[in-house]
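Trainee: I would like to learn how to read a model of this kind, feature by feature. Please give the general idea each time, then the case.

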Amino acid sequence: MISQEVLTKKIITDPNYSLKDQKLFEDAISFAKKVLSSKKRIAGDTLFDHNLRVAIHLQSIKAAPEVVAAGMVHATIRFVPEKELHDAFGPLGKEILHLVQGVEDITVIKNKNLKLTAEALRKLLLATVKDVRVILVKLADKLDNLADVNVLPINDQKRICQEVLDMYAPLAYRLGVDKFKVLLEDRAFKILNLSEYNKVSFFLDHSKQD
């Protein structure tokens with residue numbers, strides 16, 4: 001696993017972002033570390049580790065700096081007052097709080113509509129979540145969670161991966177984020193049908209050599 005120091009440096013020094021953006025990332029990292037570094041995940045790492053990787057995923061698609069910052073601090077409002085998050089980012093506080101709240105709202109919408117099909121829930125999210133930047137953060141969050149989904153019981157793994165194929169990958173496609181779509185499908189398909197995944201991988205590898 002890549003260390004926090006390496007991930008932090010990668011986020012702050014990304015050449016696609018200005019010095020002003022990089023200062024925003026530093027502030028977001030400091031805030032997330034303070035709030036989340038003691039919060040353990042089932043996978044054994046911390047929510048802070050997870051959020052660092054979410055920010056990296058968002059930078060990989062050149063997301064706007066406020067979106068990267070929101071990915072870095074998402075979930076913090078579960079543990080601190082909203083005002084504390086708002087006040088930590090000066091003029092951008094309102095916008096970052098809005099994005100973080102939006103990510104939490106997706107969880108609420110899902111929990112209130114458990115009987116809906118994935119397609120119906122996807123349409124509901126697109127209709128309800130007016131700011132697509134919120135969905136970008138959620139996609140990056142889901143992408144990182146998939147990386148260690150194997151720590152869960154097999155039935156939960158398959159349920160989550162099927163949800164990814166039915167809902168989150170199509171959302172990424174709808175938003176034009178092909179990189180996320182491909183990665184989500186690849187990671188989910190590997191869990192759902194490993195033998196078929198290996199066959200496809202073998203075929204693709206040999207096709208490149210021909």
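Mentor: We will go through a helix, the core, the pockets, an aromatic pair and some loop residues.

Trainee: What should I know about the model and its numbering?

Mentor: This is a predicted model, in which local features need pLDDT of at least 70 and side-chain atom pairs count only at pLDDT 80 or more, while totals for chains, interfaces and linings use all residues. Residues are numbered from 1 along each chain as its sequence is written, and side-chain values use heavy atoms, with hydrogens and water left out.

Trainee: How many residues of helix α4 are buried?

Mentor: Buried means under 20% relative accessible area, exposed over 50%, and partly exposed in between, with a 1.4 Å probe and protein chains only. Helices (H or I, at least four residues) and strands (E, at least two) are DSSP runs numbered from the N terminus. In α4, residues 65-73, nine of nine residues are buried.

Trainee: Which helices do the buried residues of α4 pack against?

Mentor: Contact means heavy atoms within 4.5 Å. The partners are α1 (4-12), α2 (19-36), α3 (47-60), α5 (82-87), α6 (93-112) and α8 (132-147).

Trainee: Which residues have the most contacts inside the largest nonpolar core?

Mentor: A nonpolar core is a set of buried Ala, Val, Leu, Ile, Met, Phe, Trp, Tyr and Cys residues joined through side-chain atoms within 4.5 Å. The largest one here has 61 residues, and Leu58, Met72, Val73 and Leu184 have the most contacts inside it. Setting aside residues up to four places away in sequence, Leu58 touches residues including Tyr17, Val67, Val68, Gly71 and Phe180.

Trainee: What is the volume of the largest pocket, and which residues lie nearest its centre?

Mentor: On a 1 Å grid over the protein atoms alone, a pocket is an open set of points with protein on both sides within 12 Å along at least five of seven lines; lining residues have an atom within 4 Å of a point. Grid points are joined across faces, edges and corners, and a volume is the space filled by probe spheres set on the points. The largest pocket has a volume of about 720 Å³. Its lining has 26 residues, with Lys138, Asp141, Lys142, Asn145 and Ile160 nearest the centre. The elements giving two or more residues to this lining are α3, α6, α8 and α9 (154-174).

Trainee: Which element gives the largest share of the lining of the second largest pocket?

Mentor: That is α2, with five residues. This pocket holds about 210 Å³, and Pro65 and Glu66 are among its lining residues.

Trainee: What geometry does the aromatic pair of Tyr17 and Phe25 have?

Mentor: A pair of aromatic rings is described by the distance of the centres and the angle of the planes. Rings of Phe, Tyr and Trp (its six-membered ring) pair if their centres lie within 6.5 Å; planes under 30 degrees apart count as stacked, over 60 as edge-to-face and the rest as tilted. The structure holds two aromatic pairs. Tyr17 and Phe25 form one that is edge-to-face, at 5.1 Å centre to centre and 75 degrees between the planes. Both Tyr17 and Phe25 are buried.

Trainee: Are Lys62 and Ala75 buried or exposed?

Mentor: Most residues other than glycine have a negative phi. Lys62, in the loop between α3 and α4, has a positive phi near 55 degrees and counts as exposed at 57% relative accessibility. Ala75, in the loop between α4 and α5, has a positive phi of about 80 degrees and counts as buried at 3%.

Definitions and conventions
1 Å grid on protein atoms, 1.4 Å probe; cavity = no way out; pocket = protein on both sides within 12 Å on 5 of 7 lines; lining within 4 Å.
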